[in-house]
Amino acid sequence: MSVYLPIRSVLRNRSASKKFKDLEIWSRDLDFSGIYSVRCIQRKAVRIIENVFNEHKGSEINRFVLLLNHIGVEDKILSWINTCLGKNVQELVLDFSKSRKVANIPVDFSTIEALTVLKLGWCRFKIPDNSLKGLKLLKTLSLTKTANQLSNVWDIEINAVNHKKFKSLVVYTMPYLLQVIVDAPTLECFKYDGYCKRVYFSRVHALKEANPHYNRSLYWRYYDPSERVLANMGAYIRVRVLTTNNIFLEISFKAPTICNLFDIAQFLEECPNLKKVLIDINDFTFEPGVYWEVHQKQHIRLHNYRLNSIKFVEIMGYKNHWHELDIMEFFVRYAKSLEKLTLTKPRNPKIKLFEPDNARINYIKSMSQKKDLTEFI
């Protein structure tokens with residue numbers, strides 16, 4: 001008996017019934033992301049995976065997902081990868097974060113023509129000349145704490161100028177990274193999570209969504225990252241969805257303690273194509289300061305902001321703070337195409353909430369003809 005079930009289903013059926021004990025393995029979806037756990041130690045997990053590859057009868061493997069401690073089993077992992085490459089794997093996900101050490105994967109990924117998704121975590125890999133070369137079908141590239149063996153380990157350079165399908169680039173947790181250089185005319189989504197680093201975009205004309213989330217560096221006291229953030233902003237002007245955090249706003253405007261609505265408004269004016277705005281203030285409480293009360297508040301009221309492209313706004317970590325209501329009123333007043341304003345409570349249930357100003361909330365709601373415009377979650 002042979003079927004093309006996902007490997008999880010095959011293993012589950014084999015263990016549950018003698019009828020399926022001799023079930024041949026033709027699975028094209030080899031997802032082992034959940035196999036390594038407290039209950040299933042590395043030795044047992046490796047034995048299960050090894051048996052699957054030894055018994056695999058199919059000529060194709062579409063997907064291989066591996067989350068494992070690689071220490072001591074590097075040769076087996078390389079053998080599994082090569083087997084998948086020989087069977088034209090399309091989606092390859094390798095995550096060795098469980099070991100807390102970077103794995104060495106001596107594979108030239110740039111020559112794998114069938115790949116559409118490549119996600120690498122905690123590993124060194126090969127992409128000669130930083131070119132995606134034969135990866136003509138690649139749509140998504142995700143790098144988490146990785147390094148290219150054949151280039152400067154302090155940089156990430158992506159040359160995809162001749163790739164028509166390349167849409168998404170994700171860069172996470174690269175503490176020693178100096179810069180990201182991208183030449184990808186078809187790139188639509190860029191996500192970055194880590195310390196503030198310089199981003200160079202060349203011919204990235206199709207970018208629709210950007211997600212720059214910056215973390216605080218231990219060395220912030222010794223240098224000012226704001227110029228680097230502002231220099232990066234040129235790449236995000238045409239995006240339709242921008243998701244960021246309070247640290248991004250703080251260092252963008254050199255005001256880590258008094259970032260307010262005025263800063264947000266000035267920033268939004270530079271992004272005329274934004275359709276969706278997400279503001280994460282889970283770990284931040286606004287303190288607008290005296291300058292807001294004396295000057296900036298009046299400017300907001302008198303200036304005619306044109307935010308006609310914005311349709312969706314979400315404020316994450318809403319605490320009923322009065323300045324959060326200022327932001328709420330700002331979007332209702334100036335975003336003429338606004339369809340939904342969502343206010344979500346803080347992730348941490350211990351965060352103190354302010355008393356809601358129901359009178360002002362009702363006033364803001366009355367400014368719009370849409371009765372269901374505002375949503376509290």
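**Note on a predicted chain: local contacts, strands and loops**

1. A polar contact of 2.5 Å joins the side chains of S110 and D108. Polar contact here means a pair of N or O atoms within 3.5 Å; within protein, one must be able to donate a hydrogen and the other to accept it, and residues adjacent in sequence count only if both atoms are side-chain atoms. S110 sits in the loop between β6 (103–108) and β7 (117–121). S110 is buried, at a relative accessible area of 0%. The burial classes are: buried under 20% relative accessible area, exposed over 50%, partly exposed in between (1.4 Å probe, protein chains only).

2. Basis of the values. This is a predicted model, in which local features need pLDDT of at least 70 and side-chain atom pairs count only at pLDDT 80 or more, while totals for chains, interfaces and linings use all residues. Residues are numbered from 1 along each chain as its sequence is written, and side-chain values use heavy atoms, with hydrogens and water left out.

3. The whole chain. Its secondary structure comes to 9 helices and 21 strands. Helices (H or I, at least four residues) and strands (E, at least two) are DSSP runs, numbered from the N terminus. Of the 377 residues, 49% are buried. The accessible surface is about 19600 Å², and carbon and sulfur atoms hold 49% of that surface. These areas come from the Shrake-Rupley method with a 1.4 Å probe; for residues, only the protein chains shown count as cover. Take contacts (heavy atoms within 4.5 Å) between residues at least 6 apart in sequence: 63% of them join residues at least 24 apart.

4. Strand β6, the strand of D108. Its covered face holds A103, I105 and V107. Its uncovered face holds N104, P106 and D108. β6 pairs with strand β8 (residues 123–126) in the parallel sense, over 3 bridges. Pairing requires that DSSP finds at least two bridges between two strands. In β8, K126 is the bridge partner of D108.

5. A sheet of 3 strands. This open sheet has the order β11-β13-β15, with parallel pairing. Why is one side of β11 and of β15 left without a neighbour in the sheet? Strands β11 (155–159) and β15 (198–202) stand at the edges, and each has a single partner strand. Neighbouring strands of the sheet are turned by 5° against each other on average, direction ignored. Axes for this angle are lines fitted to C-alpha atoms, for helices over the stretch in contact, and angles run from 0 to 180 degrees between N-to-C directions. Strand β13 (residues 179–183) pairs with β15 over 5 bridges, in the parallel sense. V180 has V199 of β15 as its bridge partner.

6. Positive phi at N88. Phi is near 60° in this residue, which is not a glycine. N88 lies in the loop between α3 (74–86) and β5 (91–95). N88 is partly exposed, at a relative accessible area of 44%.

7. Positive phi at N320. The value is about 70°, again without a glycine. N320 lies in the loop between β19 (312–316) and α8 (322–334). At 18% relative accessibility, N320 counts as buried. Its side chain reaches the backbone oxygen of F354 at 2.9 Å. Leaving aside neighbours within four places in sequence, N320 contacts L353, F354, E355 and P356.

8. Annotation. An unreviewed UniProt entry places the feature "domain: FBD" at residues 307–343. UniProt positions follow the numbering used here, feature names are shortened, and annotations may be inferred rather than shown by experiment. In the model, the end C-alpha atoms of residues 307–343 lie 19 Å apart. The span is 35% helix and 24% strand.
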